[in-house]
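The sequence and structure come first.

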Amino acid sequence: MATSNPLTKQFLLAAKYQEIHALKQLQNSCASLTKLGDFVHQLQKERAMSNIFLASNRERFKTQLQEQVPLSNGAQTAFNDSLKQTFINDNADTGHTRLFNLITYSLQTLEALPDLRNQIAQQNISAVHATQSFTQLIASLLNIILEAADGASDPTITRLLVAFFNFMQGKEYAGQERACGAQAFAASKFTTEQKQQLAHFVQEQNHSFDFFNEYADAHLLKCFATLTTHQVNNQVEQLRSLLQKLDDENAQPLSQLSEVWYEVTTTRIDIMHKIEQNIADQLIDTAAMQIACAQRSLNTNKQVLNNMAEQHIAPTFGQLAIKQPEPEVSQNIAADKLNSNKSMYDLIIEQSQHIKQINQALLDAKKVISEQKVIHQAKYILIEQLKLTEEQAHKQLQKQAMDTHKTLFSVAQTIVQMSD
């Protein structure tokens, strides 16, 4: 294989430079996702506090809610700053149209947050509608993670992003459970519909964490064990049982338990947030390791190419005139040239195999991402068109899947296609 064309060498190195550039951009994106997780965590707290405040007729959590709003605002500012540093700069990567559109949509929906807070302060909105509004805001933010995972170019990081999204989704269902239970305790009554809703949140938590377990590595599974083995789970189960005993017709004075419920469920969710931060840290560390690995590969390629260039230096006219190479020396030069060509060939084949392995691993991970994106998209179509809650939309998808003997993904795909 000839190696005299310098363009061949330039493109060989350029491919590795592109890989390193993509990994660095991915590392920066992961840092932004950490800030996103912190912001979502604060919004989840604000949602639960707002529920208690509204359901108790301003009797509970007024001060806590007033203190929480600045924390949510601070996390939002940090998230916005991170977005600007990562995506709105001269070195920002291109080809993120869908991601940028999702970020634009999320930022647009967040503009409704001040008005929502004002309605809560004036009690011009019900606890149910306030919860729905917060949940829609959070859902739009979580979709950014799913889209970032779909655009990732490294299979190891993609798997971690899938684990990250599903863990945050499970945590969000835990947050919705916290808000739902807080509302029930604060109002001292719990309807049959609310009980079903609570059961749905518990079921979806388990479903999301099952996905997390499938894509998390050994270190993250060990972190997750700190949640599953924590004694706070027993306290949550006890309070869940108590909630199921609440009767809408025979209300009992249990308003004071709203704060107990909030503290216990918040302890559990705070543990989740620490695990979430561990996942985010591992994303950044993994990106750094992948960058270092790609850089070492680039340096090796450069060294091989430099050696090949030295072996192919043509003799000067003076050298030719002074002495002709012996036959044995000529054979050595020919052998060196053959070895050099083989090295170039090996480099190209090695890089091709590397790309092939990456693409196959990406296909495996992104199949899950694509299915989850379609299911979420179908839910939002049902929510928008039929004015359903997330839980109702999910149940409608499940019912259609059972009635037609199809998978949830197939039903969701049909809904999205019909909408398009």
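## Second largest cavity

The lining of the second largest cavity consists, by class, of eight nonpolar and two polar residues, with no charged residues. The model is a predicted one. The volume of this second largest cavity is about 60 Å³.

Its lining residues are Ser29, Ser32, Leu33, Leu36, Phe79, Leu83, Phe87, Leu99, Ile144 and Ala148. At least two of the lining residues come from each of helix 1 (6-55), helix 2 (62-87) and helix 5. Helix 1 has the largest share, with four residues.

## Largest cavity

In total, the model has three cavities of 30 Å³ or more. The largest cavity holds about 100 Å³ of space. Its lining is made up of 13 residues, and those nearest the centre are Ala139, Gln169, His376, Tyr380 and Glu390. Two or more lining residues are given by each of helix 5 (127-151), helix 6 (155-187) and helix 12 (327-386).

Helix 6 contributes the most to this lining, namely five residues. Sorted by class, the lining of the largest cavity has five nonpolar, five polar and three charged residues.

## Helix 1 against helix 5

The axes of helix 1 and helix 5 approach within 9 Å, and their crossing angle is roughly 170 degrees. Angles over 145 degrees count as roughly antiparallel, so helix 1 and helix 5 are roughly antiparallel to each other.

On the helix 1 side, the residues in contact are Leu33, Leu36, Phe39, Val40, Leu43, Gln44, Glu46, Arg47, Ser50, Asn51, Leu54 and Ala55. On the helix 5 side they are Ala127, Ala130, Thr131, Phe134, Thr135, Ile138, Leu141, Leu142, Ile144, Ile145 and Ala148. By class, the contact between these two helices has 16 nonpolar, five polar and two charged residues.

Leu33 and Leu36 of helix 1 and Ile144 and Ala148 of helix 5 take part in this contact. Leu33, Leu36, Ile144 and Ala148 are also among the residues that line the second largest cavity.

## Loop residue Asn57

Asn57 is located in the loop between helix 1 and helix 2. Is Asn57 buried or exposed? Its relative accessibility is 56%. Exposed means over 50%, so Asn57 counts as exposed.

Asn57 and Ala187 are separated by 130 residues in sequence, while their C-alpha atoms are 8.7 Å apart in space.

How values were computed. Residues are numbered from 1 along each chain as its sequence is written. This is a predicted model: local features need pLDDT of at least 70, side-chain atom pairs count only at pLDDT 80 or more; totals for chains, interfaces and linings use all residues. Side-chain values use heavy atoms; hydrogens and water are left out. On a 1 Å grid over the protein atoms alone, a cavity is a set of points where a 1.4 Å probe fits but cannot get out, and a pocket is an open set with protein on both sides within 12 Å along at least five of seven lines; lining residues have an atom within 4 Å of a point. Grid points are joined across faces, edges and corners, and a volume is the space filled by probe spheres set on the points. Ala, Val, Leu, Ile, Met, Phe, Trp, Tyr, Cys and Pro count as nonpolar, Asp, Glu, Lys and Arg as charged, and the others, Gly among them, as polar. Axes are lines fitted to C-alpha atoms, for helices over the stretch in contact, and angles run from 0 to 180 degrees between N-to-C directions. Angles under 35 degrees count as roughly parallel, over 145 as roughly antiparallel, 65 to 115 as roughly perpendicular and the rest as oblique. Contact means heavy atoms within 4.5 Å. Buried means under 20% relative accessible area, exposed over 50%, partly exposed in between (1.4 Å probe, protein chains only).
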